[in-house]
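User: I'd like to learn how to read helix packing, domain contacts and a ligand shell from a model. Could you walk me through it?

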Amino acid sequence: MEDCDRGFDLEARLGILEDREQRRTLSPVDRVAERGYFADPVGGDLPVLDADEALVFSSNNYLGLTDDQRVQDAARQAAATVGTGAGASRIITGDTMVHHDLERLLAETKGTERALAFSSGYAANVGTITALQPDVIFSDERNHASLIDGCRLADCEIVVYDHCDPSSLRDALETRAAAAESTGGSVSATAGAGADADTGDEDESWLIVTDTVFSVDGTVAPLSAICDLAEEFGAWVMVDEAHATGLYVDGGGVVQAEGLADRVHIQMGTLSKALASQGGYVAGSDALIESLLNEARSFAFSTGLAPTAAAAASESLHLARHSEAREQLWENVAHLRDGLETMGFSIPGESQILPVVVGDQRDALAFADGLRARGIVVPPIRPPAVPEGESRLRVAPIATHDRDDIITCLEAFRTVGSELGLL
Ligand code: PMP
């Protein structure tokens with residue numbers, strides 16, 4: 001027993017990475033430093049960051065609304081009238097009108113009966129999938145970690161299909177349907193139904209889950225084809241619109257852009273990207289939301305979303321529905337995509353996320369360093385976030401970048417790309 005060590009060798013785990021240098025990332029505070037949030041803190045107690053000028057081209061603040069006076073005022077007003085925190089779970093005493101206003105606006109935007117706000121998008125995904133307890137989940141191979149974790153925690157059968165590939169999804173559904181048939185089961189059109197209590201039928205519940213806009217690939221899921229397949233096989237569809245919410249028609253996501261609200265059963269997203277706040281949501285039928293209220297553990301056993309965050313998200317959503325920021329964003333995206341492609345980079349996908357895939361992770365690091373030296377912040381994305389050999393720079397313009405910013409960014413890409421021999 002004396003030699004026995006049942007502790008955690010964290011040094012060894014860290015050592016798995018090739019060297020410490022590789023773990024180094026750019027400071028996450030670059031953006032706040034640039035905007036000088038802490039430059040003159042109340043009471044002078046907070047540390048003052050070096051206000052190093054930099055243009056961030058990899059933020060999820062897609063509409064630039066974190067800086068918007070109206071959004072900031074909404075948060076301030078909620079703090080002053082409702083309080084800074086919910087104080088308890090929503091099902092205990094943490095429920096406020098600010099939450100309900102947000103949920104009404106989300107449901108209206110998403111074209112659903114109801115919506116429910118969670119304290120994060122991660123909590124929304126994990127809570128929803130575990131509450132539904134599907135028998136089988138069909139999951140795109142590049143889905144976000146929070147969807148994957150939800151699938152794992154739901155303790156169900158998980159079938160992974162090729163990225164954005166309806167024929168791979170069809171194969172997976174057919175194979176699984178044949179297996180169900182051979183054992184006498186069938187698919188239930190009601191996710192989470194499991195065995196039918198009245199008839200004793202061994203109905204299985206199937207759920208297809210996919211991001212709509214993929215955060216490091218920039219690809220957009222073939223949603224209409226996925227809905228066709230779901231209907232053919234009797235499965236439900238759940239989408240993660242984290243990187244799409246607020247950016248498409250009337251402030252909606254890809255579901256709204258493609259007119260699929262009545263064919264997608266669960267629309268999930270975050271409040272933390274284009275909506276410039278913090279938190280997540282699920283939108284769907286009255287029955288879905290009612291069951292999540294009762295059964296999503298990450299909702300019930302977690303303090304309610306802060307009223308300040310809910311109010312900021314409501315104001316942002318209102319602005320996303322009615323403002324010109326969306327058009328400005330898509331104009332910037334087109335300009336940047338065009339410039340990068342003209343240089344010879346091939347940019348996959350068709351969203352606001354423009355991945356410049358350089359392959360080797362050392363090249364990605366060197367590229368990011370070169371850009372940073374020229375005042376452009378685009379952190380490298382490396383394994384395990386992407387497969388080996390697919391390291392990249394995830395370029396994402398925002399609505400508040402102006403023409404000069406885009407040109408500065410493109411010039412930096414041209415210079416650094418040529419210096420590294422990647423053009
Ligand atoms: N889904 C996707 C696709 C995401 O990119 C993220 C956040 N990176 C989440 C869910 C989790 O959202 P949140 O940050 O609000 O927890």
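User: At what angle do helix H16 and helix H17 pack?

Analyst: In general, two packed helices are described by the angle between their axes and the distance between the axes. Here helix H16 (residues 361-373) and helix H17 (residues 403-419) pack at about 135°, with axes 9 Å apart. Axes are lines fitted to C-alpha atoms, for helices over the stretch in contact, and angles run from 0 to 180 degrees between N-to-C directions. Helices (H or I, at least four residues) and strands (E, at least two) are DSSP runs, numbered from the N terminus. Keep in mind that this is a predicted model: local features need pLDDT of at least 70, side-chain atom pairs count only at pLDDT 80 or more, and totals for chains, interfaces and linings use all residues. Residues are numbered from 1 along each chain as its sequence is written.

User: How are H16 and H17 oriented to each other?

Analyst: Angles under 35 degrees count as roughly parallel, over 145 as roughly antiparallel, 65 to 115 as roughly perpendicular and the rest as oblique. H16 and H17 are therefore oblique. Their crossing is right-handed; a crossing is left-handed if the near helix is turned anticlockwise from the far one by less than a right angle, and right-handed if clockwise.

User: Which residues of H16 and H17 meet?

Analyst: Two residues are in contact if their C-beta atoms, placed from the backbone, lie within 7 Å. By that rule Phe 367, Gly 370 and Leu 371 of H16 meet Ala 412, Val 416 and Glu 419 of H17. For the classes, Ala, Val, Leu, Ile, Met, Phe, Trp, Tyr, Cys and Pro count as nonpolar, Asp, Glu, Lys and Arg as charged, and the others, Gly among them, as polar.

User: And how do H15 and H17 cross?

Analyst: Their axes come within 10 Å and cross at roughly 20°, which makes H15 roughly parallel to H17. This crossing is right-handed. On the H15 side, the contact residues include His 335, Leu 336 and Leu 340, and on the H17 side they include Ile 406, Leu 410 and Phe 413. By class, the H15 contact with H17 has seven nonpolar, four polar and one charged residue.

User: How is the chain divided into domains?

Analyst: Domain bounds come from an automatic or database domain assignment. This chain has domain 1 (11-67 + 324-419) and domain 2 (70-322). Their contact takes 22 residues from domain 1 and 17 residues from domain 2. On the domain 1 side, H15 (325-343), strand S10 (354-359) and strand S13 (391-395) each supply at least two residues, and H15 gives the most, with three. That side has 12 nonpolar, six polar and four charged residues.

User: Which residues come nearest to the ligand?

Analyst: A residue is near a molecule or strand if its C-beta atom, placed from the backbone, lies within 6 Å of it. Of the 14 residues around the ligand, Ser 120, Gly 121, His 144, Ala 242 and Thr 270 come nearest. Helix H7 (residues 121-132) gives the largest share of the shell, three residues. By class, the shell has two nonpolar, 10 polar and two charged residues.
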